[in-house]
Amino acid sequence: MTELSADGVRSALRFVFDPELGLNVVDLGLIRDITVQDGYVTVQMTLSTPACPLAGTIVQGVEQAVRALEPVTAVDVQLVWDPPWSPEQISPEGRKQLGW
Amino acid sequence: MIAAQGLAGARPKTPLLALRVMGVGMAAFLIVSSGLALKTPLLLGSWQAPHLLAFIHLALLGWVTILSVGVLYQMLPVIQQVELWGEASGPFVLAGLAVGTAVLAAGFWTFRVPWLVAGGTLVVAALLIFLVTMAGTLQRVTAWNLKGVYVAFALGYLALTVILGLAMALDFRFGFLGPTLGRLLVVHAHLGVIGWLTLLIVGVSYQLVPMFGLAHGYSERPARFVLVLLNIGLLTLAVAVLADTTPLLKALAALPILAGVALYVGDMVRIIRRRMRRRMDISLRYMLASLVYLLAATATGVGLLLRLPVERWAIAYGYLAIGGWVGLVVIGMSHKIVPILVWHVRFGNRLGLEKVPLPNDLLSEQLGLVVLGLWSVGVVGAAAGSVLRLPAVVQVGSVMIALAAWLAVYNLGMTVVARGDDQESGG
């Protein structure tokens with residue numbers, strides 16, 4: 001059985017997109033922290049605004065993407081708002097995609 | 001396990017209802033735009049002609065208000081971060097509003113007073129349920145934000161508008177309003193278009209435009225002044241019209257509205273220029289175009305108060321305000337909201353599990369821009385033709401508007417079947 005790492009989870013999350021912006025949640029800077037312990041994965045993430053109409057869908061997408069990884073046994077996605085998201089948190093790759 | 005603290009209400013819970021709302025609204029949109037293209041002599045007559053009033057009510061209630069009501073069921077919880085209260089009221093409001101508007105429009109078309117009263121009563125009843133739902137939701141708010149305040153004022157003006165409308169319908173039967181009826185009609189129209197629709201659009205645009213453009217770090221002060229100016233202007237304008245003061249005093253009473261509109265337009269342009277997402281979204285292009293019409297409509301309104309000939313300019317004023325300002329915003333937002341709703345139903349559950357298209361991939365942006373061009377030019381044509389009394393120009397403008405409406409509905413309808421897999425995908 002391959003060992004799962006936080007980097008592995010992060011790579012998987014690069015395939016979860018903010019549907020409105022078309023940018024993945026990692027490059028958008030929404031993922032704050034990932035911990036992996038004995039197949040139990042905790043993801044701390046934020047949203048570009050607490051009033052994001054697709055918040056539930058994005059959080060569910062993150063949860064589904066992590067759950068699909070081997071050997072994950074449980075997933076805990078936590079939304080955090082402090083500090084609030086700002087555009088400075090977008091990765092250089094993400095900025096390029098947004099046309100900066 | 002998902003811990004979604006702080007996410008109260010921030011989920012599209014009723015996308016299927018919202019799509020039904022869109023369906024009803026789009027049907028009214030097609031009837032009005034096609035009907036006016038077939039009945040262009042109406043656009044060269046009086047703005048108070050019953051047939052024209054039928055179209056105006058079908059447009060403002062059946063298309064714009066139904067969509068706005070649907071949007072608020074989704075957006076108010078998002079704007080104020082509260083759970084929606086009385087969500088089950090949605091289908092009743094939609095049904096009452098749709099049937100009531102149809103009866104009301106038929107009442108104007110045939111000028112049957114009982115139909116006007118019955119349709120108006122049904123509309124008021126449906127909107128009363130809607131207003132109670134919104135009031136119950138707002139009662140849950142512990143920390144108000146400016147956008148929520150805008151919506152609350154808009155809802156208040158909606159109540160005033162429809163109550164005044166019903167009173168006028170009853171006046172056709174009982175004749176209790178006397179010579180003030182004509183003045184009340186002007187107040188009713190402005191409460192509806194400025195108080196209800198413009199305040200709602202302005203408030204929601206302060207929520208959505210920065211969100212769609214990723215604009216951060218701008219001051220909220222101008223938005224506060226805009227709210228104050230529009231409210232004061234609407235109140236002073238209503239008093240001046242009801243008191244039937246001199247043209248100059250009426251124009252002075254409307255100046256706060258002109259100032260509020262100018263400030264809003266400048267502020268929106270500033271926010272759009274500050275966006276981090278450089279590629280301009282289609283809804284933002286519609287928004288920018290609509291701002292030009294908002295300025296033109298406001299200037300025309302002040303001109304009418306200063307004695308521009310009503311018989312030549314009133315219909316042009318309506319075209320600029322309803323078709324240009326309100327219409328372009330609604331069509332633009334539809335191009336944004338419909339793909340997201342459809343995407344949510346078709347692909348939302350598959351995000352993170354497999355490759356899914358993005359909402360924008362479900363729509364042809366090029367066709368959306370063609371619609372923007374046709375509609376914009378058509379509105380100018382219909383308005384100019386009405387002012388200059390040129391039937392051929394009115395006809396061409398009206399046909400362009402109708403064509404734009406059908407193309408827009410086709411484009412939006414195709415999102416239901418579009419594969420959207422020929423562009424960038426995620427998941």
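Predicted model: local features only at pLDDT ≥ 70, side-chain atom pairs only at ≥ 80, totals over all residues.
**Entry 1: chain B overall**

Residues are numbered from 1 along each chain as its sequence is written, chains are lettered from A and ligands numbered from 1 in the order in which they are written, and side-chain values use heavy atoms, with hydrogens and water left out.

I then took the extents of chain B: its C-alpha trace spans about 65 × 50 × 40 Å along the principal axes. Chain B has 12 helices and 3 strands; these are DSSP runs numbered from the N terminus, helices being H or I with at least four residues and strands E with at least two. Of its 427 residues, 59% count as buried (under 20% relative accessible area; exposed is over 50%, partly exposed in between, with a 1.4 Å probe and protein chains only). I also checked contacts, meaning heavy atoms within 4.5 Å: among those in chain B between residues at least 6 apart in sequence, 80% join residues at least 24 apart.

**Entry 2: two helix pairs in chain B**

I began with H3(B) (residues 90-110) and H4(B) (residues 113-138), whose axes come within 7 Å and cross at roughly 155°. That makes H3(B) roughly antiparallel to H4(B). Axes here are lines fitted to C-alpha atoms, for helices over the stretch in contact, with angles from 0 to 180 degrees between N-to-C directions. Under 35 degrees counts as roughly parallel, over 145 as roughly antiparallel, 65 to 115 as roughly perpendicular and the rest as oblique. H3(B) passes H4(B) in a left-handed crossing (the near helix is turned anticlockwise from the far one by less than a right angle; clockwise would be right-handed). Among the residues making the contact are Gly96(B), Gly100(B) and Phe108(B) of H3(B), and Trp115(B), Gly119(B) and Phe130(B) of H4(B).

The contact includes Tyr319(B) and His335(B) from H10(B), and Ser398(B) and Asn411(B) from H12(B).

Most residues other than glycine have a negative phi, and most peptide bonds are trans. I went looking for exceptions.

- Asp38(A) has phi near 50°; it lies in the loop between S3 (31-37) and S4 (40-45) of chain A and is exposed at 74%.
- Arg307(B) has phi near 85°; it lies in the loop between H9 (282-305) and H10 (310-347) of chain B and is exposed at 65%.
- The bond from Glu70(A) to Pro71(A) is cis, with omega near -5°; Pro71(A) lies in the loop between H2 (55-67) and S5 of chain A.
- The bond from Asp82(A) to Pro83(A) is cis too, with omega near 0°; Pro83(A) is in the loop between S5 and H3 of chain A.
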